[in-house]
Amino acid sequence: SKTFAQLANQLEMPLDDLSRLKAIWGDRFSANLQSIASRKRSLRVRLLDGSLSEYWRATRIWIENITHRCPEITHRPLYFISSNNHSVVNLLSGFARRREQELITYLKKKENQTLLDEWRDIQSKNVPSSEGNFLYYMLKKYQQTAEGAALIAEQIEHEQRLGITRIASAHIFDVDAQVIDLARLDPTTLDRRLSDNDLGFLKNSEALILNIDYPLGLAAYNVLSKISEYCGVLLGIYVMGKAATLNGVRGDVMIPNLVHDEQSHNTYLFQNAFAASDVSPYLVYGTVLDNQKSVSVLGTFLQNARIMDLFYREGYTDLEMEAGPYLSAVYETFRPKRHPINEIVNLYGVPFDIGILHYASDTPLSKGKNLGAGTLSYFGMDSTYATTLAILRRILHCEHRRLQGA
């Protein structure tokens with residue numbers, strides 16, 4: 001609301017941070033703020049205990065929060081996506097398109113000439129950029145203002161009518177989730193790039209999508225392990241996230257079929273559900289590189305030029321943090337034992353889809369461009385949405401095929 005946005009401004013806090021604090025404090029939000037304001041205080045933040053048992057406990061609390069909000073997730077077929085909080089729901093809900101006129105009015109009012117010129121070029125087809133991607137970007141920017149904050153609640157209500165439930169992460173690590181009921185989606189509101197064929201079959205689907213804001217490092221292993229323990233039959237596991245590239249440029253998309261994991265010291269071989277042809281039709285400002293070799297590193301700032309040169313000489317061109325831990329959890333979903341250590345692990349027998357897509361946000365061999373530096377801004381939307389489109393198209397294809405065979 002406008003009042004909540006004004007409160008964030010008075011506290012000199014980003015609106016998203018204040019919203020998260022409200023989710024953490026719940027009913028005690030107002031009382032806690034009043035208590036803090038009542039007299040001078042010294043505030044401290046208590047971090048999560050570093051023991052493995054505490055991480056397991058935190059992960060259990062996280063998944064139980066999801067199953068409490070959406071109990072159907074425990075027994076219905078499930079497609080799992082690790083991506084972000086915005087791209088999946090934007091493509092499936094159609095909310096940005098619904099508020100197109102309001103978003104463009106805001107753009108003109110703010111006189112952001114660069115973005116306004118881009119929109120006009122898109123409209124006149126002077127550039128090949130996506131109209132949908134532009135609106136998704138403007139929706140996010142507009143909702144971050146006091147003027148557009150009211151659209152947040154309206155968007156959530158719109159999504160709920162379509163079977164999209166947002167679940168904020170409360171009291172534990174910061175991984176928000178969305179549960180999407182495929183049968184309740186409206187095919188007429190989907191992004192136009194998803195609907196090559198008639199999607200009427202969705203009304204007969206009992207499957208769900210669980211989309212999470214991708215966790216970092218070993219947290220990915222813990223999260224997917226709990227999902228496979230608590231949730232229904234897994235139909236597909238799809239991972240989309242940022243990575244550093246040693247042979248490309250920002251905005252490129254890398255598709256690995258081999259991942260070396262520095263957590264387990266395993267090298268995982270798997271059949272990636274995606275090829276370059278699945279992404280390239282939707283990517284304007286980059287190149288798709290498939291058959292890549294990826295390294296899941298321990299941390300974003302632990303790499304140096306010598307180590308990266310060694311990776312490059314061994315044919316590894318894709319550096320990130322989550323693929324290896326996710327594949328360790330994948331191994332345990334279909335083998336009756338813990339994942340091995342320091343082995344070559346063949347995952348070709350997995351009884352569900354595995355798809356991993358990385359978009360390049362960093363070129364660490366270039367000076368000042370390490371893994372974790374900078375943001376992708378508007379033009380980063382291109383690779384984000386190209387990869388999300390590939391994932392959702394794959395899910396729709398697999399679900400159609402599954403229902404035909406039922």
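Me: What should helix α4 span at 1.5 Å a residue, and how far apart are its end C-alpha atoms?

Reply: This is a predicted model; local features need pLDDT of at least 70, side-chain atom pairs count only at pLDDT 80 or more, and totals for chains, interfaces and linings use all residues. Residues are numbered from 1 along each chain as its sequence is written, and side-chain values use heavy atoms, with hydrogens and water left out. Helices are DSSP runs (H or I, at least four residues) and strands too (E, at least two), numbered from the N terminus. The expected span is 1.5 Å times one less than the number of residues. Helix α4 (residues 52-69) has 18 residues, so it should span 26 Å; its end C-alpha atoms are 26 Å apart, which agrees.

Me: Which residues of α4 are buried?

Reply: An α-helix has 3.6 residues a turn, so residues three or four places apart point the same way. Buried means under 20% relative accessible area, exposed over 50%, partly exposed in between (1.4 Å probe, protein chains only). In α4 the buried ones are Ala58, Thr59, Trp62, Ile63, Ile66 and Thr67. Their cover includes β2, β3, β4 (208-213) and α11 (218-230), by contact (heavy atoms within 4.5 Å).

Me: What is the phi of Glu12?

Reply: Most residues other than glycine have a negative phi. Glu12 is not a glycine, yet its phi is positive, about 55°. Glu12 lies in the loop between α1 (2-10) and α2. At 73% relative accessibility, Glu12 counts as exposed.

Me: Where does Asn342 lie?

Reply: Asn342 sits in the loop between α14 (323-334) and β10 (344-346). Its phi is also positive, near 60°. Asn342 is exposed, with a relative accessible area of 58%.
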